[in-house]
Structures are given as C-alpha cells and as structure tokens.
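These are my notebook entries on one structure. I recorded what I looked up, item by item, and kept each entry brief.

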Amino acid sequence: MKEYIAVFDIGTTAVKGVLIDGQAAIIGEYRVRVNTYYGKNGEVEQCPADWWEGMKEITQKWWSVLNIEAKQVVAITFTGQMEDIISISPTYPNQKAILYSDNRFEQEAAYIMKRLPNIQAETGNIIRSSTPLAKLLWMKENREELMENTQCFVFSSKDYGIYKLTNKFVTDPTTAATTGMMNLHTRAWIPVIMEIFGLDTNKLPNLCGSEEIVGYVSASAMEETGFLQTTPVLCGSGDAGATAMGVAAVHQGDTYFYLGTTGWAAMVQEIISPNIQGMFHLAHIVPHLTISIAPLLNAGNVHGWAVETFASEDTDDKNSAFEELVKEAPVGSNGLFFLPYIHGERCPMQNSDAKGAFWGIGPKTSKSDMARAVMEGICFSYKQLTDLIIDLGDNDVLTLIGGGSKSAVWCQILADILGLQVRVPADSEYMPALGISASAFVQLGWVDHYYAFSERFLRTAESKMYEPNRLNHEVYEEIYETYLKMYPSLKGMYE
Ligand code: ADP
C-alpha cells in the first residue's frame, strides 16, 4: 500500500491540497478559490468556513477521482497565511477572520509601540498595523462581546484547519513570531505583554513545534472529510516557515529573494541580527534558527508599471513584449539609471515620500534603455539589501521565487549584478506545501532531520540555474556605485 502525507496550504487566494509520497513526489494537486471581503472602512476578511469547505472538497477529490483510500494517508500537515485574527467562538460560529492586509489598526499599533518601545528586543519585530496584538487591542475596544465569547484566538488559517480536524487550539512558532506576543529567543508566549493591554492570556493557543502531533481526526471531522480517526494531525507552519523550508534554506546564511508584487530578501540565521529598522524576524521550522526578512515595497509592481508604460499596445502578451525590449538594450542600459522607489520604500531606508527617477537620459536614450534600466534598478535595490543587511557569506547560489522569476532576462540580470548563480525552483506554486511536508517526514521517521529532507529532496529538485557572466558582473560593479549615489542625491527633493 502506497502511503501519502496530506498537506493543506490555506493561502489568501485559494485552499490548496496535495498528497506527497515517500519520495517527496507531489500528486493530487487541487485548489479551491476563496473569496475575500473588502469593506468600506478598510476591512479585509475571509470566512473560515470557506477554508473548511475547500479542504472537504479537496479530500473528496482524492477519494473519488484519484481512488486514494483514507488509510493511505498517514499524516496530515498544514501551512497557511499568517497575521490573521480568527476567533473561535461557539456563540459566533460564522465570524469572519481578519486578514493580515486589513489596515484598520494603525492607532493601536502606534499606542503599543509608545507603551513598549523596546518590544522588538523580545519579539524580534516592531508592532505594525498588521500585527495580531494590535488587532486584539482594537477588538477589545470595538468588539467587546465577541472578545468575551471567544474560546480561543488563532492567527493562521492553517490553525483553523487543524482546529476543525482535531478540536485542538494550537499554533507554530513561525506564525506566533508575527503576533507580537511570542518571545523569539525562547519561543514561548509573553503573558505580561497581553496583561499590560488587558487581554486574556487564556485565549491563546498552545505553541507546538511544526512536526508535533497535535491530535487526531475527530469523529465529526471523519464524517465530514473521510479521513480516518487514527490519522495524526501535525502543527505544520505559517507560510514564511514553509517557504524557507521549500527553498532549502535551512542553514546559517542561506538566502533567498522573493520577487512578487512587492518583494523581500530573506536570510536564515542562528542568532537574531541587531534591530535593523524595517526588518522582520521569524522563527524557522528548525528550532535554533530564525528567518530575517528585509521587505521591499518596489518589485514586480514597478515592473508592472514599466510594462504598461513601455510595452507595445498591440500584443496579448505584454510581459514578453517588454522582455524583448529589455533584450535590445546593452548591459548598463547605455548609461541610464533607474531608482525604483515609485511606491516610497521601507528598506533599507524608510521613506514613504520617496519617488522613482531616471537619471542619465541623453539624446540617444531609447525606450529599450528605459525598460532595461527599470529591471536593473530593481535588481540594484536587492543588491543594496545584500550589502547592508543580508549577509550572503560564502553562498554562491541564491534562490529566487515569485512571479518575477518567470522572466529569464530579469533572472540573468540579477545573477550578473550579484555575481552569483540564481536558482529558480520549478513548480513554485506547491513549494510551501512540499516544504512543510518535511514536518511529516520528520514525524514519521522517513528522514531523521529537516536537513536530510532538504539534501535529499529539495536541493536536488528540478530548477533552472542562471550563471553569472563575469564580464557583465564587472560592468555592473562599476555602475552600481553610481546607482548608490542616486537616493542620497535626490533625498532632499522628496521632502
Ligand atoms: P504576489 O506577490 O501578488 O503573489 P506573484 O508572485 O505572482 O505575486 O508576482 C507578481 C509579479 O510577477 C508581477 O508584478 C509581475 O511583475 C511579475 N511577473 C509575472 N509574470 C511575469 C513575467 N512573465 N515576466 C516578468 N515578470 C512577471
């Protein structure tokens, strides 16, 4: 009988489910879209009941379409979006979850930071509008009854899935690190923080390691899903932890970039780096490691602007048309530079008034120079993060994920600018699910450690490699010095 691990990845756009076998091969990928509700006061919410319906729909497909038998599923594990507030309350069973991107909580975040200005020393992070602690404080003031009737709050969609399967209230250290209430050094809740703000510490879930069995499928969950009651359910991890694992970042200094709508550079560390403003620090799935993340506001969204501005109108595939335009210009875009801060920036400097700029336009500057300069400028801003914050150490490979990694030209520019091999894993949609399946491999004894999972299945996984071109790298090293002068020169004009 072939055995499988069932993995659910409850993201913002969809609930995804996969079955993973003992060789870490993925089968049975299904996704069910979920609705997001946007309110006029800035509410961004989802119905947890939709996540559960999505999970049930996926399991039915496994039984009925793939003819998998429930006894073949030997463990269930999870990943999902973080920084949510999910109230589990028998009185309000249909209560919507507040998502991370719901921005109603600026005032509460500012108040907490004023009361506890050094909170980052313990939690690893400052309190922002998205932080669950700020959201709880808001609920205390604005949703008193719901607060009182809540049995437990959980902070990731995955924790809701676990609750529905097992009736257990749990969360993992990666998710908890985003809440503003966990000590990142000891991985324990800090009750005193909640007490200061009059919040009830009894409403926090238990903290469990990703590979821990938190319970077994309940009788009612068996009825609804078809899973057997003997199947263990693991704690899994919030999406940032699953992603770090999925890209095989499990050792001190392992670094990866995300080039999505916005972007970030992340690095695995054994100790938490000093409190660099604007950085986040999260617990890694591997207990003694942390993930340090430098976020960028300007990434794919700037590319999107450039595509709309410079790519020809007469095409169905503007991204490809833009790609062709970029290829026409030489390395260094004929002396044209682009500062990509069209949305302001928050790392390495915090300046919401910053703007984008071209510099070096001459009589021969072409549209393709402008297109290429945009891609180069975004890559330079990532390079600046590696120089200032993210220590690449001895690494000669950098993993790149996110929508921007679909562009071969952009990946090559990044490899040339950094002077490093850029690795783009195939099938990145299911990478977090594959990453967190490691928690079940460890629990089942299929591998003896997360490192072994990474060596056996992730480092060897199918991926595309971009080799740096040494000559191009030398050109970029020189012109990077000019790029670095742009922001300080323009800074005065932004005020
Ligand atoms: P999100 O961060 O919203 O999940 P994605 O990871 O899908 O988004 O990344 C979206 C970004 O990916 C877009 O802003 C776009 O710049 C970039 N992108 C998507 N497809 C391509 C492509 N073919 N070439 C270059 N960039 C692309």
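**Entry 1. Lys383 and its partner**

I looked up Lys383 and found it buried, at 9% relative accessibility. The model is a predicted one, and I read every value below as computed from it. The side chain of Lys383 meets that of Glu477 in a salt bridge, with 3.2 Å from N to O. Glu477 belongs to helix H17 (residues 470-490) and Lys383 to helix H13 (residues 367-388), so the pair ties together parts that lie 94 residues apart in sequence.

I noted a total of 19 salt bridges in the structure. One of them joins the side chains of Lys158 and Asp172, at 2.6 Å from N to O. I placed Lys158 in helix H6 (residues 157-166) and Asp172 in the loop between strand E10 (170-171) and helix H7 (173-176), so this pair ties together parts 14 residues apart in sequence. Both Lys158 and Asp172 are buried.

I next took the pair Lys318 and Glu313, whose side chains meet in a salt bridge at 3.8 Å, N to O. Are its two ends buried or exposed? Lys318 counts as buried, at 18% relative accessibility. The cut-off matters here, because buried means under 20% relative accessible area. Glu313 counts as exposed, at 58%.

I also recorded a network of salt bridges that links Lys16, Arg31 and Glu429.

I turned to helix H4, which spans residues 132-142 and is mostly covered, with 8 of its 11 residues buried. I listed the buried ones as Pro132, Leu133, Ala134, Lys135, Leu136, Leu137, Trp138 and Met139.

What do these buried residues of H4 pack against? I found two strands in the list, E8 (97-98) and E9 (152-154). The helices that the buried residues of H4 pack against are H2 (106-115), H3 (119-123), H5 (144-149) and H8 (191-196).

**Entry 2. H10 against H15**

Two packed helices are described by the angle between their axes and the distance between the axes. For helix H10 (residues 239-246) and helix H15 (residues 431-444) I noted an angle of about 85° and axes 7 Å apart. H10 and H15 are therefore roughly perpendicular to each other.

I then listed the residues that meet. H10 contributes Ala242, Thr243, Met245 and Gly246, and H15 contributes Met431, Pro432, Gly435, Ile436 and Ala438. By class, the residues of this contact between H10 and H15 divide into 6 nonpolar, 3 polar and no charged.

**Entry 3. Backbone exceptions**

Most residues other than glycine have a negative phi, and most peptide bonds are trans.

Ala24 has a positive phi, near 60°, and is not a glycine. I found Ala24 in the loop between strand E2 (14-20) and strand E3 (26-33). Its relative accessible area is 12%, so Ala24 is buried.

Asn334 also has a positive phi, of about 55°, although it is not a glycine. Asn334 sits in the loop between helix H12 (318-328) and E21. I checked its cover as well: at 54% relative accessibility, Asn334 counts as exposed.

The peptide bond from Cys347 to Pro348 is cis, with omega near 5°. I located Pro348 in the loop between strand E21 (337-339) and strand E22 (357-359).

**Entry 4. The chain as a whole**

How many helices and strands does the protein chain have? I recorded 17 helices and 25 strands. The radius of gyration of the chain is 23 Å, close to the 23 Å that the globule rule gives for 495 residues, so the chain is as compact as a globular protein of that length.

Taken along the principal axes, the C-alpha atoms fill a box of roughly 75 × 55 × 45 Å. Buried residues make up 59% of the 495 residues. Finally, I looked at contacts between residues at least 6 apart in sequence: 72% of these join residues at least 24 apart.

Methods:
Residues are numbered from 1 along each chain as its sequence is written. This is a predicted model: local features need pLDDT of at least 70, side-chain atom pairs count only at pLDDT 80 or more; totals for chains, interfaces and linings use all residues. Side-chain values use heavy atoms; hydrogens and water are left out. Buried means under 20% relative accessible area, exposed over 50%, partly exposed in between (1.4 Å probe, protein chains only). Helices (H or I, at least four residues) and strands (E, at least two) are DSSP runs, numbered from the N terminus. Contact means heavy atoms within 4.5 Å. Axes are lines fitted to C-alpha atoms, for helices over the stretch in contact, and angles run from 0 to 180 degrees between N-to-C directions. Angles under 35 degrees count as roughly parallel, over 145 as roughly antiparallel, 65 to 115 as roughly perpendicular and the rest as oblique. Ala, Val, Leu, Ile, Met, Phe, Trp, Tyr, Cys and Pro count as nonpolar, Asp, Glu, Lys and Arg as charged, and the others, Gly among them, as polar. A salt bridge is a side-chain nitrogen of Lys or Arg within 4 Å of a carboxyl oxygen of Asp or Glu. The radius of gyration is taken over C-alpha atoms; the globule rule is 2.2 Å times the number of residues to the power 0.38.
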